[in-house]
Amino acid sequence: MLLALTRKLVVMAFKCPPEVLLRNSIMRGQPNHLTAVAVSTGVPKHYKVAVCSELGKPLNIETRPRVEELSQGQVRVAIHNAAVNFADILTCAGKYQEKPELPFVPGAEFSGEVTELGEDVTSLRVGDRVLGLCMPGAEGSYAQERILPEISLYQVPSSLDYRGAAALMVSYCTAWMALKRKAKLKEGETILITSAAGAVGLAAVDLAANVFNAKVIAACGSPEKGAIVKQKGAHTVIDYRTESVKGRVKEITNGQGADVIFDAVGGDVFKDCLRCVAFEGRILVIGFASGDIPRIPANVLLVKSCSVIGLYWGSYSMRDPLAFKESVNGVLQLVKEKKISPHISRAFPLSQVNEAFQFVMSRKSVGKVVLDIASDASLNA
């Protein structure tokens, strides 16, 4: 009777699949030699990444060994989507201010699903949808999985799918911090946004029009792009190819100029911006898509009593983490309130990352381009 009860308790104890493989051995009274039993957890031992091995050359898809054990406070995330940012392309060309050591996995922002938790992780559960950034110095987001600290991950709002979540942070948080913290944009002010069909430019249009209630003048490079920019909330669109930015801004503002200018282009466009900023206006320097870093004549700043303000949002993660987190939480709250939403022009599988880079470089994109990773069947071939 005692033997029968013991057997019953053993059977009840072993209910998960790996133990089922051991059950017959134990019930027959044989020694429990774990090394002699083939136990499979179904977890792959490797994963795929896109690697930059040589600057200015195409990326390659490579296989990396999977880290088996998580450290305290770490979270394993299966990456569903990663965003293609202009900074990623510049980094792979060796033309960005941050120059990681070769070879490296590029990419910053991503969305994915939590698959494993390290010790003392309390804010997340397995199965949670998350978004986040791979910080400078760490391997990037162009990968099937990443291990990240709990504090770097944020829950994805229910209104966003994985693609939208991957497209959100860099563009919208940059624009949010620029408009709120730097320019202190006020309701009713006029703002000129250059490269308005680009990722950060379109985010700035969305925020300025739909959150700050400013009058938005958007400059972009074609009527097709202009139509999308208007859908996001721009009041007036300027076509670079056929119109003078300075002339049109002066005309629209009755000669007063724009109170705030959000410039991600640089070069000659920045010079036009300087000529059409209002008295005591604020010019935000966000980037140099033209590849030309302009020289700023200080006498113009003096005469117009205007300000030129730079912003590198990513640096706040290290220099002012509270401000960084405030920008992320602010944007996520606006998404939850359905006041803003990222625009995705196209998605490419990770195996076509080089085609995605070319698409962005050819200036065909509007808003964001993302990489499909979890759904790229070729990675598992």
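This is a predicted model: local features need pLDDT of at least 70, side-chain atom pairs count only at pLDDT 80 or more; totals for chains, interfaces and linings use all residues.

Reader: How many helices and strands does the chain have?

Author: Helices (H or I, at least four residues) and strands (E, at least two) are DSSP runs, numbered from the N terminus. By that rule the secondary structure of the chain comes to 13 helices and 15 strands.

Reader: What percentage of the residues of the chain count as buried?

Author: Buried means under 20% relative accessible area, exposed means over 50%, and partly exposed is in between (1.4 Å probe, protein chains only). The chain has 381 residues, and the share that counts as buried is 47%.

Reader: What share of the contacts with a separation of 6 or more comes from residues 24 or more positions apart?

Author: A contact means heavy atoms within 4.5 Å. Among contacts in the chain with a separation of 6 or more, residues 24 or more positions apart account for 68%.

Reader: Which helix gives the largest share of the lining of the largest cavity?

Author: On a 1 Å grid over the protein atoms alone, a cavity is a set of points where a 1.4 Å probe fits but cannot get out, a pocket is an open set with protein on both sides within 12 Å along at least five of seven lines, and lining residues have an atom within 4 Å of a point. Grid points are joined across faces, edges and corners, and a volume is the space filled by probe spheres set on the points; the count is one cavity of 30 Å³ or more, and the largest cavity holds about 50 Å³. Helix 5 (169-182) and helix 6 (199-210) each supply at least two residues of its lining. The largest share, three residues, comes from helix 6.

Reader: How many charged residues are in the lining of the largest cavity?

Author: Ala, Val, Leu, Ile, Met, Phe, Trp, Tyr, Cys and Pro count as nonpolar, Asp, Glu, Lys and Arg as charged, and the others, Gly among them, as polar. The lining includes Y172, H343 and K368. By class it has six nonpolar residues, three polar and, as for charged residues, one.

Reader: Which residues lie closest to the centre of the second largest pocket?

Author: The second largest pocket has a volume of about 410 Å³. Strand 6 (145-149), helix 11 and helix 12 (321-336) each give two or more residues to its lining, which by class has 14 nonpolar, two polar and three charged residues. Of the 19 lining residues, those closest to the centre are M135, P149, I151, S152 and S317.

Reader: How far from C52 is the nearest cysteine sulfur?

Author: A disulfide is a pair of cysteine sulfur atoms within 2.5 Å, and the count here is zero. C52 is in no disulfide; the nearest cysteine sulfur, that of C92, is away by 4.3 Å.

Reader: Is K338 buried or exposed?

Author: K338 has a positive phi of about 60 degrees although it is not a glycine. K338 is found in the loop between helix 12 and strand 14 (344-349). With a relative accessible area of 67%, K338 is exposed.

Reader: Where is P103, and what is the omega of the cis peptide bond that joins L102 and P103?

Author: P103 lies in the loop between helix 3 (86-93) and strand 4 (109-117). For the cis bond joining L102 and P103, omega is about -15 degrees.

Reader: How far apart in space are G132 and E109?

Author: G132 lies in strand 5 (residues 129-133) and is buried, with a relative accessible area of 0%. Not counting residues up to four places away in sequence, G132 touches A108, E109, F110, S152 and M169. G132 and E109 are 23 residues apart in sequence, and their C-alpha to C-alpha distance is 5.7 Å.

Terms used. Residues are numbered from 1 along each chain as its sequence is written. Side-chain values use heavy atoms; hydrogens and water are left out.
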